[in-house]
2 protein chains.
Amino acid sequence: MSAVGGQRLSFRVLASDGAARRGEITTPHGTIQTPVFMPVGTLASVKSLTTEQLAALGPEIILCNTYHLMLRPGIDLLEQLGGVHRFMGWDRAVLTDSGGFQLFSLASIRKIREEGVEFRSHIDGSAYFLSPERSVEIQSRMGVDIAMAFDECPAYGLSKGEVEKSMELTHRWARRSLAARRGSALFGIVQGGVHNDLRKRSAEEISGMDFDGVAIGGVSVGEPKHEMQEVVRFTAPLLPADKPRYLMGVGTPEDLLEGVAAGIDMFDCVMPTRNARNGTLFTSLGKVSIKNARFAADPRPLDPHCSCVACRTVSRAYLRHLFLNGEIAASVYNTIHNLSFYLDLMRSIRQSIASNSFGSFRDAFVSRLSSGDEEAKA
Amino acid sequence: MSAVGGQRLSFRVLASDGAARRGEITTPHGTIQTPVFMPVGTLASVKSLTTEQLAALGPEIILCNTYHLMLRPGIDLLEQLGGVHRFMGWDRAVLTDSGGFQLFSLASIRKIREEGVEFRSHIDGSAYFLSPERSVEIQSRMGVDIAMAFDECPAYGLSKGEVEKSMELTHRWARRSLAARRGSALFGIVQGGVHNDLRKRSAEEISGMDFDGVAIGGVSVGEPKHEMQEVVRFTAPLLPADKPRYLMGVGTPEDLLEGVAAGIDMFDCVMPTRNARNGTLFTSLGKVSIKNARFAADPRPLDPHCSCVACRTVSRAYLRHLFLNGEIAASVYNTIHNLSFYLDLMRSIRQSIASNSFGSFRDAFVSRLSSGDEEAKA
């Protein structure tokens, strides 16, 4: 067992299968089995679900969003109300991003200086400031189990020189984030765009700091999928073996399998919850759009291999009916199903690693998906 | 025990307290304790809830909507899929309205003849036809436990002559509905607007027919509250004592207490579910708008006397946060709470009748509401 971060967090690898690892992270709010997928609860709510419904799906950790929560309801209020766990009635682990990613994608006006970022809320234009110190302070005041270092997340398509400059700022901010670490465990973030030499420098730099875990950031920002996969395959092995490795903002079921194969332990993505609200559902036979007319009279469960409440209790025809008519329950059923699909996938991945059969599980899953894309539509 | 309608439905009064009665309706899908409030599931979905969530709240019967379901998903499809129970995964009782009310409030173009009503869908303008025979047939094909006779629901403000003419059509349609009765139990509907002599004639006419229950229709159509209450107080005692009495589309918690006091056994209303989505919540201390700024930092449960999941697990501040930010979970929590409030109220009403204390329960409830309206806002 390789404990990092003292009381804050411990991590141990329980089994390996090639680069894929089956592990366990212990936090003040319980133990997390890895590889793990973290549902996204941007505003302290995993969209469409009550906290009770979410808990019933079994995730051991969720992700909340520093940028959004500092705007609404505000950090003073959140702290006064006892932190994010009490606020949403959630007694398992919470990880927060640092605000870096949202600043560079949402804030309407921002001014980046060495010190930090001045920005205006995308909601009402009011002025805010985030810096490494401020972000880490905020995350600690929210009482989260795992905070993320404050980073700059460069857009895809910048010149290599710009990406390098941004990466170096991220490194200086990483040191300042670490110096500001308080109650929560803190993960560093590797940047470097799609450039292997920059990723290598960043991995070495961040791995050399006393973080409780290390994340790969700056992916899923518009780059082609093969470039993202190449970054992950190249970077993951460069990260410390005795700390959790977190691939931020990824991804599809296939991306999770690729990430695990590269040695990633943690994932988060809005895809299952956002797609659910748009009527795009993940099944063991491929992705389907529930509004498709072929489901109109289909009495079968959405996914015969799923035991979620949508698949146990109602038909494809009913799910289509709810979605087409804008019923709120459509989002609820669809979110439950998509999250169940993701969480079930992670359970199967963990089992396959433990039984040294991850490779064959991955091949079978992907080939079922690609052959099944047609079947799911039949 | 006074069984009506043969196999279809039986009703017995278990206790009385003045005109208020505590009873039991037995249907093919279970026994219903009365007085009962039926949550509204217009499109075979009680808005915002999965069927599993709805069942956990404990209602023994819900109301679905013939007009809406014949438009979407359509009756042929619904029948092919095994009826409304199987469609939504609901194994308790279902009552459907006959379409009469919606025809007169929603259909974009309609042509009323003695035979029935030609109308165009408010959604896509396509042409439909409803008649007593067609409505009863549709309700039976959906497999509902209780169907409603097809009636004309006159708008408030018509001349007495027009209301009388409409009532007489409703009576002729009632006879035709009854002649068309098939698998489902069938309730007649008393009309007559706000005119006591018409209500008396209608009550006598409908009570004289072999229905399984009798409803008061044509209220909550825009008339002042005191006129509605007068209609109920006047009409309810004129209905058969050995059949369930149903007050359609009513109402506020106070309206339910008034209705029970007049001898009503069944109620339905969109108020708890619709208000929930608008952020208006019923509490034991009065109605509150959850978006109010005074809840911003309020760590207390919404209603200290409620044990629903919203009141057990999250604060007023959190409910306000979800609502203000348009989170879908706001509708879910709010709907669970408002329906819990209504269903708890009906449980308390039934207990108070059984213990001969309905009058004092009603007085205490109403006085707590009126004194508490301020307190709830404090």
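This is a predicted model: local features need pLDDT of at least 70, side-chain atom pairs count only at pLDDT 80 or more; totals for chains, interfaces and linings use all residues.
Colleague: Let's start where the two chains meet. What area is buried between chain A and chain B?

Modeller: On the chain A side, 39 residues are in contact with 39 residues of chain B. Carbon and sulfur atoms give 59% of the area buried there. The whole buried area comes to about 2,900 Å².

Colleague: Okay, and which residue of chain B forms a salt bridge with A:Glu327?

Modeller: Across the interface of chain A and chain B, the rule finds four salt bridges. In the bridge made by A:Glu327, the closest N and O atoms are 2.6 Å apart. The partner of A:Glu327 is B:Lys47.

Colleague: Now look inside chain A. How many residues apart in sequence are the parts that A:Arg12 and A:Glu24 tie together?

Modeller: Over all chains, the structure holds 50 salt bridges. One of them joins the side chains of A:Arg12 and A:Glu24, at 3.0 Å from N to O. A:Arg12 sits in strand E2 (residues 9–17) and A:Glu24 in strand E3 (residues 20–27) of chain A, so the parts tied together are 12 residues apart in sequence.

Colleague: On to the helices of chain B. Are H6(B) and H7(B) roughly parallel or oblique to each other?

Modeller: H6(B) covers residues 132–141 and H7(B) covers residues 160–179. Their axes are 8 Å apart, at an angle of about 45 degrees. Roughly parallel would need an angle under 35 degrees. H6(B) and H7(B) are therefore oblique.

Colleague: How many charged residues are in the contact of H6(B) with H7(B)?

Modeller: The crossing of these two helices is right-handed. H6(B) brings B:Pro132, B:Glu133 and B:Val136, while H7(B) brings B:Trp173, B:Arg176 and B:Ser177. Sorting them gives three nonpolar, one polar and, for the charged ones, two.

Colleague: H7(B) also meets H8(B). How are those two helices arranged, roughly parallel or oblique?

Modeller: H8(B) spans residues 196–207, and its axis comes within 11 Å of that of H7(B). The two axes cross at roughly 5 degrees. Angles under 35 degrees count as roughly parallel, so H7(B) and H8(B) are roughly parallel.

Colleague: And how many charged residues does the contact of H7(B) with H8(B) have?

Modeller: Among the residues that meet are B:Lys160 and B:Glu164 in H7(B), and B:Asp197 and B:Arg201 in H8(B). The contact divides into five nonpolar, two polar and, on the charged side, seven.

Colleague: Last topic, the backbone. Which residue is joined to B:Pro35 by a cis peptide bond?

Modeller: Most peptide bonds are trans. B:Pro35 lies in the loop between strand E4 (30–34) and strand E5 (36–38) of chain B. Omega of the cis bond is about 0 degrees, and the residue joined to B:Pro35 is B:Thr34.

Colleague: What value does phi of A:Ser220 have?

Modeller: Most residues other than glycine have a negative phi. A:Ser220, in the loop between strand E13 (213–216) and helix H9 (225–235) of chain A, has a positive one, near 60 degrees.

How values were computed
Residues are numbered from 1 along each chain as its sequence is written. Chains are lettered from A and ligands numbered from 1 in the order in which they are written. Side-chain values use heavy atoms; hydrogens and water are left out. Contact means heavy atoms within 4.5 Å. Buried area is the accessible area (1.4 Å probe) that two parts lose on being put together, summed over both. Axes are lines fitted to C-alpha atoms, for helices over the stretch in contact, and angles run from 0 to 180 degrees between N-to-C directions. Helices (H or I, at least four residues) and strands (E, at least two) are DSSP runs, numbered from the N terminus. Angles under 35 degrees count as roughly parallel, over 145 as roughly antiparallel, 65 to 115 as roughly perpendicular and the rest as oblique. A crossing is left-handed if the near helix is turned anticlockwise from the far one by less than a right angle, and right-handed if clockwise. Ala, Val, Leu, Ile, Met, Phe, Trp, Tyr, Cys and Pro count as nonpolar, Asp, Glu, Lys and Arg as charged, and the others, Gly among them, as polar.
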